Each structure stands twice: as C-alpha cells, then as structure tokens.
Amino acid sequence: MKAISTFFLLLLCHSCKLPSEKMSGEEITNEGLFDKRNQKSEKQYTLEVSKIVDIPVDTNSLNHSIYPVYYDDISTGRQYFVNGNSFLNSIDFYDIDSKKLSRRMMFPKEGPQGINPTTAFFIKSLDSIYIQAKPLTCYVVDSSGKIRSKANFPKSYAYSLNIGHNSLFFVRNDTAYYPFCGYVSSDKLAGGASGRYLSLKDNKVGYAGVNYPTFFRGNYAAAHHYMPHITYNGQDIVTQFGISSGVYTYNISTGQTQTYNLRSRYQKKVIPFTTGVSKTRDLDPAYEGTVKDNYYAIFYDKYRKIYYSFFRQGVAQKNPNTGKEQDFEDQPMSVIIADEHFRYMGETLLEPYKYFNNFVVSREGLMITNGHIKDKNVPEDKISFTLFKLEEVRE
Amino acid sequence: MKNLYLIFFVFILTYACKEKKYQEELTKFRYFLAPDTTLPKVTLIIPLQGCSGCVHACLDFAKKYQSERHIKFIICNGSRKEINLKLKAFEINAAKISIDNDSYFQESGFIHTHPVLIYSKNNRIQEIRELVPDNINQSLAGIEKYLEDS
C-alpha cells in the first residue's frame, strides 16, 4: 500500500514538473519574466537584406496597408501580397513574382451582397475568404466575391476585437479566432481571456486564447502595452503583450497554456506600469508611447518554423538634437528571431527611419515595407518591400 | 469665515491651474491657426495614421458636419495621396477643412495616435480630449449638444 502511495506521489510530482524553458501559465510577474534569461538556440541567426521588391500601385491605392496579408497559392505556385482597398471597397491581389496587380475583387458596400469595409480578412483559399467587416460580422466569400455564409458577434463586442496590421485574425476549420481587448484597462482585463472565437457554422461565440496575465491586476498601462498580439502556428494561439517579454501559447485543441520568455537584448529594464492613475484615460499617451519600450508584434514563419518578434526601444520625448517632440515612430525597432520552442536565435536591429510597419512572412523570407512614415519623399506609386533572409552567425 | 477664504482660495487656484494647463496647447494651436484667428468652438484634429476605427468615425462625422461653421476639421499624418483618397471616399470637400501638411500637430506633440477634440470658448481652450474607442461615440454625439448649448 505504501509502495503504491509513494509511486502515486512520484507520478504526481513528475506530471507537475515542467520542462525548464517553460513557465507555469500566466502567474509569473513582469519582473520575473525580465529577470529570467532567454533560452538560447545553439545556432544564432541574423536577418540579411536579400532584395527589394517593388510593386506598382494605381492612383486608387496606397503604398502601404493597414492590414497586410500574404497568400501562398500552392495550387498555382503563385504568391501574393493582398491588401484591402478601402477606397474601392476591394481586395487587391498583387503577384509578388510578376510584381503586378493580378486580381481585384470588388464588393458593393450595401445591399444583400454588400460588405463594408473589406480591409481585414483571412484567405483560406481563393474560394474561402473570410472578411471581418462592420458591424461585427464575419463573411465568407467565394472566388467570385459572392457571400457564402456569415456570422455575427453580439453588439457588446464593438471596439473589442483587436485586429490590425500587427495582429491578424485567423481561421481554423470553420472557426475564426481574434485577439480581444475591451479597451477597459489592464487592471480589469487581468485574468480574463485575451481571445474570442466565432464559429461560422453555428454563430457560437466563446473564449479562446491565453488569459491576460494576473500581474496586470491593480496596474495600469496604455492600450498598446496591454492589447494582445497574436500569431497562429497551426496548433496554438501565440500571444504577446506590449509590456512584457513573455510569450504565451494556448493550444486550441487542449486549452493548455505555456509561458516562455523572449526578451530583446535592447530591453534594459522592466517596462513599468504607470502608478498614480486609476484609469487608462489618465495616462499620458505621449510618454507611454514614446519613452517606454514596447513588444510590438509577433509572427510565425511556417516555412522555417521560427518566430519573429518585433521590439521597439523607448526614446526621449523630445529629440535632444532638434528639440522636436518624438513619438513611437521614432523608436528604433529590432526583430528577435526565435525557434519553435521560443529559444532566442538572434536579433537584428533594423535601419532607423527606413521601414513602415507592414510585416509579411513569405515563402522566401520576411518582407517589411520600405518608406518610413516620417519620410515625406517616399514614392506613392509603388509598394516597396525589403526581403530579409536568415543568415547563420558564425563566430 | 476662515473656511470661506479657504474655499475661495482653492477655487482661484483651481481656475488658475486650469488656465495654465492649456497655455502651452493654446500657444501651439494658435501657431497653426495664425495668431489673430478666433478660436473655433470645436476643433477636431484627425490623424490618418493610428486607430483606424476612430479615424473612420471622425471622417464620417466630418462628412456630416463639414459645413458647420463652428467646427474646424484638421486632417494630419497622411501623405498627399492618402489624404486626397480619404477625402474623396468620405465625400469631404477639401475646401472646408484644413490640412496639416507639415505634420505640425504631431511634431509639436499635440496629437499622437488618436483624434483630438478641442472645445474653446471666448478664445480660450476649455477642454482637450483624446478620442479613443471607449469614448468616441459619446464624444462625437456630445459636440452637437455643445454647439446647441453654447
């Protein structure tokens, strides 16, 4: 009997033990994450510029996207940069190899086939495009643009789905997954689910994704520091919050979560919450968005089975040389490379004032749009990317 | 009596602080408007880069109220092409709004990533409010009421 008890106890202890690089859920503090060393991959990499890809755009199209999407059409071998054009209410497919607009799907704004806007979407195939439009409706359209089905979030979800250029929604089977943030405060979000799902089959809405870290409780941060950024690796919703180096995985099938640390080498101190406020509105956006560091986005690269995490370094509120106010666009940005176990594989500091915030993971590598927002001389007749490829660092 | 003095003192102090609070913003705002311009009752500064839902709500509002003489609309943080396309898409007459071509409001720290609403009275700024998702609908609805009341 004693032997059985001992065996059972041992089994219990073993099952509770976590592998060394993982941490237990959302309980670890921001300070705890900062103090923890990154797990390092044996091989280290950097991102090297491979080539520039310029694609002409017409007079009705911008040279950047508010929701950049990449689509790899395995049936034809063509790869596309896809952009929702709010001026034409269209979805535009730019062939990356021929550097041409190859397809423009136009949608009426109103009526039974109306969808507005068409700027946020997920392409499962050319015959299954999921468009997240107002008001809180997700449409599924076929290759001709005809609506096949739709599902709605309740009205209470207005302004709560945090999708954007650095956090794209995705669809698995017939269910769409979204980062969720109620724009309430980091304090109120603590412990609640950071994602929601919407079933296109039965319009069911539910929780999905890791819970907001408990260290948010009693603390206030600007929205960009607590809004979740997600990426999907085929099994897990991978989530990062601006204020922390923690990376959280949520397995969609099992609901299991894990916490990892993926700290930028440019993060020199814990990104602090703001004291002395009782609501988000009391925060000084100029200070929060400029001076403090920020984990800006995370993307999974399914071709190389790695992650890119984008980190922005805080800068002084006023430029010491010009005296002009600075903002988050003045922050230098680096790209942390991590393997599929979130082991640090290297980090590349991007050339300052050169790029725009459109990141696209393509078959060939990571593409980032050229043309910094503060550069007034960026050509507007083309969308221009720099293609970065992984290069092993040999010491 | 002592209490009365105290209340009076606190009142004066509060008022003085409020005046001082917007002094820097007033100077910056006047610089853009030209010094001798009467401050509009309501100013809505709309940065095209940033919270896209907020920007769209403000552009919709501008489309509806572009001819209202007490509201000044200022569009900023966009390239020439982007501004033109947005104005066309929202059916806003370029002659009825101002465009901050030099990113003045951004570089002077007046705006960040959200639209900013300024209430003015008697050539003084009464309130500056950043429009974020949780207050934008209420704030835009409040403009109409403010104009009726003032």
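Pro117(A) sits in the loop between strand S5 (100-106) and S6 of chain A. Keep in mind that this is a predicted model. Why start with a proline? Look at the bond before it. The peptide bond joining Asn116(A) and Pro117(A) is cis, with omega at about -5°. Most peptide bonds are trans, and most residues other than glycine have a negative phi.

Asn173(A) is not a glycine, yet its phi is positive, about 55°. Find Asn173(A) in the loop between strand S10 (170-172) and S11 of chain A. Is Asn173(A) buried or exposed? Asn173(A) counts as exposed, because its relative accessibility is 59% and the cut-off for exposed is over 50%.

Glu91(B) is not a glycine, and its phi is positive at about 55°. Its place is the loop between helix H4 (80-89) and strand S3 (98-100) of chain B. Glu91(B) has a relative accessible area of 53%, so it is exposed.

Now the inside of chain A. In soluble globular proteins, nonpolar side chains tend to be buried together. Here, the largest nonpolar core has 34 residues. Which residues have the most contacts inside it? They are Val82(A), Ile91(A), Ile129(A) and Val141(A). Several strands of chain A each supply at least two residues of this core, including S2 (69-73), S3 (78-85), S4 (90-95) and S11 (175-179).

Take Val82(A). Set aside its neighbours within four places in sequence. Val82(A) is then in contact with residues including Tyr67(A), Tyr71(A), Ile91(A), Phe93(A), Phe121(A) and Ile123(A). Asp92(A) is also one of its contacts. There is a second, separate core of 33 residues, with Tyr212(A), Ala221(A), Leu262(A) and Tyr344(A) among them.

On to the interface. Chain A puts 24 residues into the contact, and chain B puts in 28 residues. Together the chains bury about 2200 Å², with 56% of it on carbon and sulfur atoms. Which residues of chain A lose the most area to chain B? Phe87(A), Tyr159(A) and Glu380(A), together 26% of what that side buries.

How many salt bridges cross between chain A and chain B? One. The side chains of Lys324(A) and Glu107(B) form it, at 3.0 Å, N to O. On the side of chain A that touches chain B, eleven residues are nonpolar, four polar and nine charged.

How values were computed:
Residues numbered from 1 in each chain as written. Chains lettered and ligands numbered in written order. Predicted model: local features only at pLDDT ≥ 70, side-chain atom pairs only at ≥ 80, totals over all residues. Heavy atoms only, no water. Contact = heavy atoms within 4.5 Å. Buried area = accessible area lost by both parts, 1.4 Å probe. Salt bridge = Lys/Arg side-chain N within 4 Å of Asp/Glu carboxyl O. Nonpolar A, V, L, I, M, F, W, Y, C, P; charged D, E, K, R; others polar. Core = buried A, V, L, I, M, F, W, Y, C linked by side-chain atoms within 4.5 Å. Buried < 20%, exposed > 50% of the residue type's maximum accessible area, 1.4 Å probe, protein only. Helix = DSSP H or I, 4+ residues; strand = E, 2+ residues; numbered from the N terminus.
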